[in-house]
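Let's work through a few exercises together. Have a look at the model below, then try each task before you read its solution.

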Amino acid sequence: MSGLDSLDVEAGYDPLKLSEKVRELVTKRVDGVEERRYYRFRRDRWYGGIATGDVVGCNLRCGMCWSWRSASHVMIKGFYCSPTQAYRQLLNIVVKAGFRMVRLSGGEPTISREHLLELLRLFDNTELEFVLETNGLLIGYDPEYAREISKHKCVVVRVSLKGCSREEFYKITLADPRYFDMQLKALENLVEAGLEPCIRVYPAVMLSFSSSREYENLRSRLAEIDPMLEKCIDEEYVILYPHVKQLLEKRKLKPNIAYRPDGIPESMI
Ligand code: SF4
């Protein structure tokens, strides 16, 4: 098994079942501690500068994912880290760079639940902010997971919605379209668990494949969960790195709006 596309999915797959398969390949237990596969640790420019650990493995297969070759669509790359090892790596970057924020990126961090919660506990003892970037599926599925995350003072959760509707979710991820609702449920669970909308939890939305009408519908749905949520949407668009273009072509996906890596808009129509 090469690791690349080692869990190629059927259209309409169940991301919760995929989570289980991925978990088996990207986590292991050593002396009672859950370790997670990481691809790398690095400085990144987003959020004004953030220490980033890229985890391996995701429970979706988005057709515009920037990390598909190295982290999200692969399962056996990288190296295992305990929460303490990951904490030290991130802290080391923060100290050297003078950053105030850390995050996990690359794949889906919530797949390794114990690992993630222990990492949050460790960062609670600092003044740093931990940005939890997630597709939210596992948090939408389990309100208790939302409650466990919300207990941590360091955490800010960014739930990245894959499109504005079930149809767009399916187009982007190839997953069972009903799971789009579970992404929204994650926001609901986190707000109910006590995270303040727009301060401790907010939605991001991939809009490259959306019509303005579908975006308006989504805004209404977000406002139904909490009126604040539609005021702090982080709008995401595809960045056309060569390897992202390769995946888009493979998946026959055509963004309505996308950006070149130098930030210039590129019309794909
Ligand atoms: S959810 Fe994020 S990490 Fe996972 S495949 Fe989609 S874009 Fe990539």
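Helices (H or I, at least four residues) and strands (E, at least two) are DSSP runs, numbered from the N terminus. Keep in mind that this is a predicted model.

**Exercise 1.** Find how many helices and strands the chain has, and decide how compact the chain is.

*Solution.* Start by counting: there are 10 helices and 12 strands. Next, take the radius of gyration, which is 18 Å; the globule rule also gives 18 Å for 269 residues, so the chain is as compact as a globular protein of that length. Finally, look at burial: 43% of the 269 residues count as buried.

**Exercise 2.** Work out which strands pair with strand 2 (residues 33–44), and in which sense.

*Solution.* Step one: strand 1 (residues 27–30) runs antiparallel to strand 2, with 4 bridges. Here lysine 28 has glutamate 35 as its bridge partner. The hairpin leaves 2 residues between these strands, and aspartate 31 takes a positive phi near 50°.

Step two: strand 3 (residues 50–55) is also antiparallel to strand 2, joined by 6 bridges. Arginine 40 is partnered by aspartate 54 in strand 3. This hairpin has 5 residues between its strands, and tyrosine 47 in the turn shows a positive phi of about 60°.

Step three: strand 4 (residues 79–81) pairs antiparallel with strand 2 over 3 bridges, and tyrosine 80 in strand 4 stands opposite arginine 37.

**Exercise 3.** Describe the residues around the ligand by class.

*Solution.* First, pick out the neighbours; among them are Cys58, Arg61, Ser67, Glu108 and Asn135. Then sort the shell: 4 residues are nonpolar, 4 polar and 2 charged.

Conventions: Residues are numbered from 1 along each chain as its sequence is written. This is a predicted model: local features need pLDDT of at least 70, side-chain atom pairs count only at pLDDT 80 or more; totals for chains, interfaces and linings use all residues. A residue is near a molecule or strand if its C-beta atom, placed from the backbone, lies within 6 Å of it. Ala, Val, Leu, Ile, Met, Phe, Trp, Tyr, Cys and Pro count as nonpolar, Asp, Glu, Lys and Arg as charged, and the others, Gly among them, as polar. The radius of gyration is taken over C-alpha atoms; the globule rule is 2.2 Å times the number of residues to the power 0.38. A residue is buried if 20 or more other C-beta atoms lie within 10 Å of its own, exposed if 12 or fewer, and partly exposed in between; C-beta atoms are placed from the backbone. Two strands pair if DSSP finds at least two bridges between them.
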